[in-house]
Amino acid sequence: MAATTRELSLGAGPNASKFTLTDSELVIERPADKKWAVVKVPLRNVLWAELDKDVFEVSLLAKKKPNALLSLLHITGPVGNSNKADATAFTEAVLSAAYAGLPTQRRLKVFVNPNSGPGKAVRYYHKKIEPVFNAARCKLDVTFTTHGKHAQGIIEKLPLDAFDAVVVMSGDGLIHEVLNGYAAHAEAAKAFGIPISPIPTGSGNGQAINLLGIEESKDLSVAALNAIKGRPMASDLFSVTHSGKRYISFMSQSIGLMAEVDLGTEHLRFMGGQRFVVGFIYEVMKHKACPAKISIKVAEKDKRKMADVMHTASAHAKSAFSSTSTPPADVEEPAAGLPELKYTGGAQVDDEGWITFDKPFIYLYAGQGPYVSADLVQFPVSLPNDGLIDVVLQERINRMTMLKAIDGAERGLQYWQDSQHYFKAHAYRVEFSTSKDFLSIDGEAYPLAPFEVEVHKGLGTFLSMHGCYQFDFPIPADKNAK
């Protein structure tokens, strides 16, 4: 199909402006503007266009330099009677191309956690996020959280038909709250269909990095753009049964060293993500084995095969996602409430597919999404909707080898170490011989007690502009099946 181009010329003389719309970008030329003489942006970055009386205005996000953060621009041009019809048609064409079948003016329920990470979320919201949402004419209902489970309480009673998405401006803990609010909602199955869009202002920000990519997650305007232009992406969720109660987890569960790193460094929040590196070094020096029994219903443990499957599935998902405004359906049909538990409490360890891990280990880390923080790719072959949970058990090896694993952890290279046992699983369970250590679920502290975890395929929904996790995990040529 031949490319189409539309042009709109406004004004005259030195203040003239020329707007050019193609199938992939919007180009604006204004010679009189010394700072932004030429603006060229992909259609993804166009937020709004309108003709108000005799003024055409387009709002967009643009970069002054390739490595700069996005800036919000409002560009206008005068419209005379002679070209009003052309300006009207151009305005409609810009909006149609910019949203490509997506709904405009999304209704967003926004949660901002003032205490997340270094504590700058409120300032960032007013300075960076709110102006972008307003430029896109979003309908906003904003809550600045004041205490733990504040968001969860609101979500439990949320009028579901009033919102198109829930925006979480915090770390990963507030996403955990929202999902458990969905689980407690009178219409839980319907609630889980409302997509969540994270804006990273916490310490770890794993989910935002997974959805946006390590570089684009550094720009809060991209996260705001995802809330405006992202499309629903189905995501597995996990039921965690703990002390007789059922919780929903979306990202991770950890015990041993990694839980200590996560929860034992709360006093270092001012350091941002670097707190995890400091905590890791400290815990490695302690070199404490994890006193727990781990049983796993294994689906796959061949590392090379898991990596190959991830690459194939991610490429397919990205292609399918970019070819339609409605993502392909690949989810279990939801029940009226939470899905029935298939493995928790009933199956025995000697049932088909269950194994017991029998080596001394220093931590268990289970979950999905490659990044758990900017410095750690813990689940490099994870997929958002494969119906499985990635379970990692790190053998207790010498301290120096553990410390060397820091180098390359941001690329997931520890995956290939023989001492790191990696499973794709349907479910797993943990029994303890102590009650004095940490249990982390999505970065939130829970009392240390036996727990069981199983997967619900595609139960959750997140907004994504890509359709798959944004992480490139190349397979070394010398890696045979493990």
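Figure 1. Contact means heavy atoms within 4.5 Å. The model is predicted, so local features need pLDDT of at least 70 and side-chain atom pairs count only at pLDDT 80 or more, while totals for chains, interfaces and linings use all residues. Residues are numbered from 1 along each chain as its sequence is written, and side-chain values use heavy atoms, with hydrogens and water left out.

Figure 2. The largest nonpolar core has 54 residues. Phe19, Leu26, Val39, Phe56, Val58, Leu60 and Phe133 have the most contacts inside this core. Helix H7 (residues 220-229) gives the most to it, with seven residues. A second, separate core has 28 residues, including Val168, Ile194, Leu237 and Phe462. A nonpolar core is a set of buried Ala, Val, Leu, Ile, Met, Phe, Trp, Tyr and Cys residues joined through side-chain atoms within 4.5 Å. Buried means under 20% relative accessible area, exposed means over 50%, and partly exposed lies in between (1.4 Å probe, protein chains only). In soluble globular proteins, nonpolar side chains tend to be buried together. Buried residues make up 54% of the 482 residues in the protein chain.

**Figure 3. Strand S10 and the strands paired with it.** Strand S10 (residues 165-170) is largely enclosed by the rest of the structure, because six of its six residues are buried. Ala165, Val167 and Met169 point one way from S10, and Val166, Val168 and Ser170 point the other way. Strand S8 (residues 107-112) runs parallel to S10 and is joined to it by five bridges; here leucine 108 stands opposite alanine 165. Strand S11 (residues 196-200) also runs parallel to S10, again with five bridges, and isoleucine 196 of S11 stands opposite valine 166. Two strands pair if DSSP finds at least two bridges between them. Helices (H or I, at least four residues) and strands (E, at least two) are DSSP runs, numbered from the N terminus. The protein chain has eleven helices and 24 strands.

**Figure 4. The bend in helix H2.** Helix H2 (residues 121-135) has 15 residues and reaches 20 Å from its first C-alpha to its last, close to the 21 Å expected at 1.5 Å a residue. The expected span is 1.5 Å times one less than the number of residues in the helix. At isoleucine 129, H2 bends by about 40 degrees, and proline 131 follows within four residues. The bend at a residue is the angle between axes fitted to the seven residues ending there and the seven starting there. Ala121, Tyr125, Ile129, Val132, Phe133 and Ala135 of H2 are buried.

Figure 5. Threonine 241 is found in strand S12 (residues 231-242) and is buried, with a relative accessible area of 19%. Leaving out residues up to four places away in sequence, threonine 241 touches Arg246, Leu341, Thr344, Pro450, Phe451 and Glu452. Serine 243 lies in the loop between S12 and strand S13 (245-249) and counts as exposed at 53% relative accessibility. Its phi is near 55 degrees, a positive value in a residue other than glycine. Most residues other than glycine have a negative phi, and most peptide bonds are trans.

Figure 6. Glutamine 105 is found in the loop between helix H1 (84-99) and S8. Glutamine 105 has a positive phi of about 50 degrees although it is not a glycine. At 30% relative accessibility, this glutamine counts as partly exposed.

Figure 7. Leucine 383 lies in the loop between strand S19 (376-377) and strand S20 (389-395), and counts as buried at 10% relative accessibility. Leucine 383 and serine 235 are 148 residues apart in sequence and 8.6 Å apart in space, C-alpha to C-alpha. Apart from neighbours within four places in sequence, leucine 383 is in contact with Asp236, Val309, Met310, Ala313, Ser314, Gln368, Lys424 and Tyr469.

Figure 8. Cysteine 138 counts as buried at 9% relative accessibility, and cysteine 468 is buried with a relative accessible area of 5%. A search of the whole structure finds zero disulfides, a disulfide being a pair of cysteine sulfur atoms within 2.5 Å.
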